[in-house]
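Please look over the sequence and the structure shown here before reading on.

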Amino acid sequence: MEAPTPVPVYPGTDTVAIAAASPERPQPFAELGMNEEEYQRVRNILGRRPTSAELAIYSVMWSEHCSYKSSKVHLRQFGDKAPKTDKLLVGMGENAGVVDIGQGWAVTFKVESHNHPSYVEPYQGAATGVGGIVRDIISMGARPVAVMDSLRFGPADAPDTQRVLPGVVAGVGGYGNSLGLPNIGGETAFDACYAQNPLVNALCVGVMRHEDIKRAVAPGPGNRVILFGAPTGPDGIGGASVLASATFDEESHQKRPSVQVGDPFMEKLLIECCLELFGEDLVVGIQDLGAAGVSCATTELAAAGTGGMHVDLDAVPLRDATLLPEEILMSESQERMMAVVEPGKVDRFLEICARWEVPATVIGTVTDTRRLVMTWRGETIVDIPPVTAADEGPIYNRPLEPPQDLGALQSDTPGRLTRPSNGDELRRTVLWLAGSPNLASKTWVTSQYDRYVLGNTVMAMPENAGVVRVDDESGLGIALSLDGNGRYTRLDPYAGAQLALSESYRNVAATGARPMAVTNCLNFGSPEDPGVMWQFARAVEGLADACQYLGIPVTGGNVSFYNQTGETPINPTPVIGVLGVHDDVRRRVNMSLTTDGATIALLGETREEFGGSEWAHVVYGHLGGLPPLVDLKAEAALASVLVNAARDGLVTGVHDLSDGGLSQTLVESCLRGGLGARITLPGDPFVTLFSESVARAMVVVMPGAETRLAALCESAGVPVAQIGVAGGDALNVTGRTPEGDQQELFSIPLHELREAHERTLPTYAD
């Protein structure tokens with residue numbers, strides 16, 4: 001690995017003489033996640049031995065979770081390859097990206113992980129993951145309007161999954177429901193690689209007017225620094241460095257004190273309080289307190305402002321008066337914000353906080369000294385250049401090497417697996433897939449979430465994407481989808497990241513929205529493993545290249561490393577969120593079959609592609625070969641057809657094809673609309689039903705609009721084939737037999753499909 005060029009020495013001041021004169025006893029830098037080189041670098045920066053409080057600041061700010069020290073060299077591609085657009089109002093580097101959606105409205109959205117805490121303490125880990133991402137959105141000046149989640153667990157029948165799954169779902173629902181925010185979609189998946197290392201990724205989206213955007217900055221010497229929200233306690237101390245920057249082992253359950261404890265009712269007050277403060281223009285800079293707590297908020301605000309800040313740690317409200325200063329600095333207690341306020345506006349700021357019953361305390365002052373100075377009980381315990389903690393942490397260009405088993409894995413194609421050869425076997429396979437944990441109904445999960453609170457949810461799970469109304473009068477709205485596939489990325493990280501983006505992009509377009517921007521949560525194993533770093537580098541490159549091609553910028557996101565137990569990493573799992581814009585949500589399209597007699601058409605090209613497929617995974621537990629071929633040109637063309645078809649009222653239903661292929665798409669659309677279908681399969685029945693080729697969608701054509709849709713597809717170069725009609729109370733499938741004859745292959749009554757689709761998750765979760 002390579003460390004960056006050493007930063008200049010920043011001389012200390014006389015105020016830290018007490019630290020320099022303290023005994024040269026060993027400092028616990030290794031226990032705080034720092035290596036010897038990093039510790040020595042801190043000493044070089046300060047020109048002396050750090051105090052314990054200073055060491056606490058650097059340890060959390062230079063942790064993998066906060067500093068991105070192993071990923072920065074790769075993440076730069078998102079900026080270097082960003083497509084030119086005037087729609088991106090705030091890009092990477094802030095708490096969340098902001099996108100112009102028209103009519104003076106802006107949207108901010110972001111996804112982050114809370115994986116390790118959710119394994120140690122499922123309920124609080126997941127709940128505070130939601131709370132943290134919501135505060136990121138508040139800190140941009142926006143009102144949060146919806147949340148989503150992407151969840152991954154070990155095998156559905158594993159005892160540990162049965163411990164973690166109910167707690168995580170309850171935590172996501174309990175916090176979001178208490179905030180009064182609708183959960184509009186996401187995904188829940190199962191795979192043995194996530195055993196003892198679940199993935200809990202939470203997304204929040206907020207809306208604001210252009211002029212309401214806020215930044216994490218502390219300008220203006222003399223301005224006051226105010227900490228407001230919940231008091232600081234011992235929960236979450238060192239969470240960023242202890243939990244998110246280490247692999248799991250048999251002692252993981254002993255790390256419960258590192259998991260934060262949430263109070264959604266305080267956060268609800270905090271939301272409304274912040275919005276009123278913003279409305280009266282009382283804030284010149286604001287930062288939420290998440291990972292690294294006071295350490296992060298003070299260093300980042302100071303570094304991004306006029307460069308200095310003086311903080312009195314004695315003024316920080318505490319739940320536990322015995323906390324030491326380094327514990328105060330490292331605590332990740334929830335529901336806290338830090339604001340920079342002009343002196344003349346402090347009284348009004350505190351008055352509004354009091355009215356909302358949100359504790360608020362002036363703890364410091366902005367300076368122009370380019371030093372962050374903190375005092376405690378009359379002594380100076382911190383005197384550092386804040387930029388060195390916030391922006392000048394170590395950057396590693398870690399070794400890269402393909403995993404040793406990759407060649408063998410890619411060579412082990414699904415071609416050797418026995419395929420269903422007759423109608424009965426095809427029928428059985430359709431039901432197996434429909435009831436498999438990954439493809440089964442997630443109603444057990446989503447029924448615990450309030451999807452329609454606030455009254456602006458237009459579409460939610462199990463639809464292709466969540467849709468939220470932004471402006472009542474015009475119907476302006478947004479669509480959001482969150483997708484990932486660890487099996488694809490394990491087989492080919494470059495293609496796997498692009499396939500996750502393609503699916504999310506396609507889901508948004510399926511509702512009739514124009515895809516506009518991307519956020520991501522990159523979940524990988526240890527960066528100290530060259531194989532993992534190779535996977536990460538290739539995935540980032542693939543995502544950056546695909547976003548550049550499709551013309552949709554990455555606005556921000558999160559990297560989660562060390563997702564592994566012992567020496568075994570999870571499948572590399574980039575989770576991609578795509579934001580789309582609806583000019584009028586009244587023209588959105590759902591996935592249901594609802595029009596009796598309507599033509600069903602298949603858009604896109606189907607190829608024989610089963611590497612990493614659900615069929616191979618469910619029927620044989622097989623992972624091998626290559627994932628489906630990425631075709632970004634075809635994705636863009638399909639999206640244009642779907643958006644224009646929705647705008648022109650040519651379709652009454654659209655459902656993308658992804659995991660499980662056409663088979664699963666038919667199952668979900670029939671059950672969603674309560675209407676059967678009579679399907680005639682073109683080509684090989686097995687390939688047509690179960691292939692996972694990309695850039696495809698099934699559409700239900702408005703009666704009389706068949707010719708116009710065909711013309712639209714032809715102009716865009718999108719293949720289209722009529723495959724059946726909607727109607728009846730069963731899924732009837734006709735196709736070619738091995739002898740080449742056309743005949744009915746199978747029929748499945750809707751009640752049988754529904755029973756298979758809906759029974760699975762409650763069986764495992766209860």
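Strand E17 (residues 514-523) and E18, by contrast, pair in the parallel sense over six bridges, with Val554 in E18 as the bridge partner of Val518. Seven of the seven residues of E18 (residues 554-560) are buried, so this strand is largely enclosed by the rest of the structure; buried means under 20% relative accessible area, exposed over 50%, and partly exposed in between (1.4 Å probe, protein chains only).

## How the model is read

This is a predicted model in which local features need pLDDT of at least 70 and side-chain atom pairs count only at pLDDT 80 or more, while totals for chains, interfaces and linings use all residues. Residues are numbered from 1 along each chain as its sequence is written, and side-chain values use heavy atoms, with hydrogens and water left out.

## A sheet with helices packed on it

An open sheet of six strands with mixed pairing has the order E1-E2-E3-E6-E4-E5. Strands E1 (88-90) and E5 (183-190) stand at its edges with a single partner strand each, so one side of each is left without a neighbour in the sheet. Neighbouring strands here are turned by 25° against each other on average, direction ignored. E1 pairs with strand E2 (residues 97-102) in the antiparallel sense over two bridges, and Val90 stands opposite Val98 in E2.

Helix H7 (residues 122-138) lies across strand E3 (105-113), strand E4 (143-153) and strand E6 (199-209), and runs at about 25° to E6. Helix H8 (residues 159-179) also packs on the sheet, where it touches E4, E5 and E6, and its direction makes about 175° with that of E4.

## Two helices side by side

Two packed helices are described by the angle between their axes and the distance between the axes. The axes of H7 and H10 come within 11 Å and cross at roughly 5°, and the two helices are therefore roughly parallel to each other (angles under 35 degrees count as roughly parallel, over 145 as roughly antiparallel, 65 to 115 as roughly perpendicular and the rest as oblique). Gly131, Val134, Arg135 and Ile138 in H7 meet Glu267, Leu270, Ile271, Cys274 and Phe278 in H10, contact meaning heavy atoms within 4.5 Å.

## A buried glutamate

Which residues does Glu276 contact, leaving aside its neighbours within four places in sequence? They are Arg348, Ile352, Arg355 and Trp356. Glu276 is found in helix H10 (residues 264-279) and is buried, with a relative accessible area of 19%.

Notes. Two strands pair if DSSP finds at least two bridges between them. Helices (H or I, at least four residues) and strands (E, at least two) are DSSP runs, numbered from the N terminus. Axes are lines fitted to C-alpha atoms, for helices over the stretch in contact, and angles run from 0 to 180 degrees between N-to-C directions.
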